[in-house]
Amino acid sequence: MNLSKSETLFTEAKKYIPGGVNSPVRAFKSVGGSPVFMQRGEGSKLFDVDGNEYVDYIGSWGPHLFGHNPSFIKDALLSSLENGTSFGAPTEAEVKMAKLITELVPSVEMVRMVNSGTEATMSAVRVARGYTGREKFIKFEGCYHGHADYFLIKAGSGALTFGVPTSPGVTSGNAADTLIADYNNIDSIKALVKENKNQIAAVIIEPVAGNMGTVRSTDEFVRELREICSEEKIVLIFDEVMTGFRLSKGGAQELLGITPDLSTFGKIIGGGLPVGAFGGKKEIMEFVSPQGPVYQAGTLSGNPLAMSAGLAVLSYIKENPDVYNKLEEKSKLLEDGFNENLKSLNKKFAFNRVGSMGTLFFTEQPVTDFNSAFTSDTKLYGKFFHEMLNRGIYLAPAQFEAFFISLSHTGEDLNKTIKAQYESLKAIL
Ligand code: KE4
């Protein structure tokens, strides 16, 4: 496979951009080799600068529920562009977007638009602190909520892959107010709540985690977590930046049947443009400035161009809720093919899938939390990644990520992927 233009661009990029990329996981550090520079996306395909074609399972890390460049999003953007890009003043599109999110996610009574998942989660924790008057909050080891200082304490995703549990530059003050619990382990929550009575403002969780690889919270765990937060008056925040509008119309909270106090969104709600959001109970959201005292702001928050893409996506979902059945069909086909391969190769690697997101872990033990995920052989994953890449399949360049299936993945794409997986596993085992 000719990757010469990508290699030349990477050498150039490293002169001007730290690590040659604008987000660490893209640098292929944990899988080795240099990143492929992409030129164009169309449906389920990505095309790199050397003209190679890939079936894409990153989907820009989750936003592309409908695949790359669907015409209904492009048309919405083009017509919005006629009126300009951003005014820094309220627009009707923002009212429509807020109403649509509150309609699709019943737990969200009020919502604030921001420009990234990090802004959404950072703001949600701040408003929970302002609302409760408490300073500490709990996150789970292996969950990633973006790069705000108080989250980079044993974060998952890139930091986990880099094996750097706490990022330099994060102050001990931040670390002191961030408590770490173990995913799917309610005793770890009970212990922290006991040790920090009436000091915990919030618990933030990926209700279905994607950033330690894909790991579903158990029904019992998440039900007990909800009960404890209600009893202790702790704000329960569902970080649905990845799962929102991915796992169902109402996200993971609809799938799990649990009502959080606040939710955060990103990725899909921007249709590929920079959009995030946080929202939930009116009595909490009313604390957000300028209605309440908790400051939060953003120059481009809710800008009409990004809203036009978001409105197109959420309106499509509202009018076509059967998209989730279609996604399930495609995802099940891939899962069955993968499991067939593992069986015929007599390998019991853990394969976790929830809806149209999933992860093949290179470990033979079940993966239910950070520690079990971490037993994966990341070197072997790196070899697998490159074998698949050479066969035209573009997976996440890191073991502790999820792959995403879109509505544009065809049966042909999926069968090609299953075949490539078999050949790749045979080549490395
Ligand atoms: P952003 O700030 O990257 O838009 O969102 C942060 C975030 C928050 N919460 C969850 C559950 C997330 O998955 C993310 C971001 N996800 C990563 C992928 N694991 C983004 C990819 C990257 O960092 O380049």
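**Close-up views of a predicted model**

**View 1. Residues around the ligand.** Of the 17 residues around the ligand, those that come nearest are Ser 23, Thr 118, Asn 211, Asp 239 and Glu 401. The model shown here and in the other views is a predicted one. An oxygen atom of the ligand has a backbone N or O atom of Gly 117 at 3.0 Å.

View 2. Thr 264 belongs to strand β11, which spans residues 262–265. Its relative accessible area is 0%, under the 20% cut-off, so Thr 264 counts as buried.

**View 3. Thr 243 in the loop between β10 and α9.** The loop that holds Thr 243 runs between strand β10 (235–239) and helix α9 (251–256). Thr 243 has a relative accessibility of 0% and is therefore classed as buried. A polar contact of 2.7 Å joins the side chain of Thr 243 to the side chain of Glu 240. When neighbours within four places in sequence are left aside, the contacts of Thr 243 are Pro 207, Val 208, Gly 251, Ala 252 and Met 357.

**View 4. Ala 306 in helix α11.** Ala 306 sits in helix α11, residues 304–319. Because its relative accessible area is 2%, Ala 306 counts as buried. Apart from neighbours within four places in sequence, Ala 306 is in contact with Leu 273, Pro 274 and Val 275. Ala 209 lies 97 residues from Ala 306 along the chain, and the C-alpha atoms of the two are separated by 26 Å.

**View 5. The second largest pocket.** This pocket has a volume of about 420 Å³. Its lining comprises 21 residues, and Glu 94, Arg 112, Met 113, Ser 301 and Gly 302 lie nearest the centre. Helix α3 (92–104) and strand β4 (110–114) each supply at least two residues of the lining. By class, the lining residues are nine nonpolar, ten polar and two charged.

**View 6. The largest cavity.** The model has three cavities of 30 Å³ or more, and the largest holds about 140 Å³ of space. Among its 17 lining residues, Thr 359, Leu 360, Tyr 381, Leu 395 and Phe 403 are the closest to the centre. At least two lining residues come from each of α12 (323–344), β14 (357–361) and α14 (378–390). The lining divides into twelve nonpolar, four polar and one charged residues.

**View 7. The second largest cavity.** The space in this cavity is about 60 Å³. It is lined by Gly 43, Ser 44, Asp 56, Gly 59, His 64, Gly 67 and His 68, together with Phe 404, Ile 405, Ser 406, Ser 408 and His 409. Two of the lining residues are nonpolar, nine are polar and one is charged.

Conventions
Residues are numbered from 1 along each chain as its sequence is written. This is a predicted model: local features need pLDDT of at least 70, side-chain atom pairs count only at pLDDT 80 or more; totals for chains, interfaces and linings use all residues. Side-chain values use heavy atoms; hydrogens and water are left out. Helices (H or I, at least four residues) and strands (E, at least two) are DSSP runs, numbered from the N terminus. Buried means under 20% relative accessible area, exposed over 50%, partly exposed in between (1.4 Å probe, protein chains only). On a 1 Å grid over the protein atoms alone, a cavity is a set of points where a 1.4 Å probe fits but cannot get out, and a pocket is an open set with protein on both sides within 12 Å along at least five of seven lines; lining residues have an atom within 4 Å of a point. Grid points are joined across faces, edges and corners, and a volume is the space filled by probe spheres set on the points. Ala, Val, Leu, Ile, Met, Phe, Trp, Tyr, Cys and Pro count as nonpolar, Asp, Glu, Lys and Arg as charged, and the others, Gly among them, as polar. A residue is near a molecule or strand if one of its heavy atoms lies within 4 Å of it. A polar contact is a pair of N or O atoms within 3.5 Å; within protein, one must be able to donate a hydrogen and the other to accept it, and residues adjacent in sequence count only if both atoms are side-chain atoms. Contact means heavy atoms within 4.5 Å.
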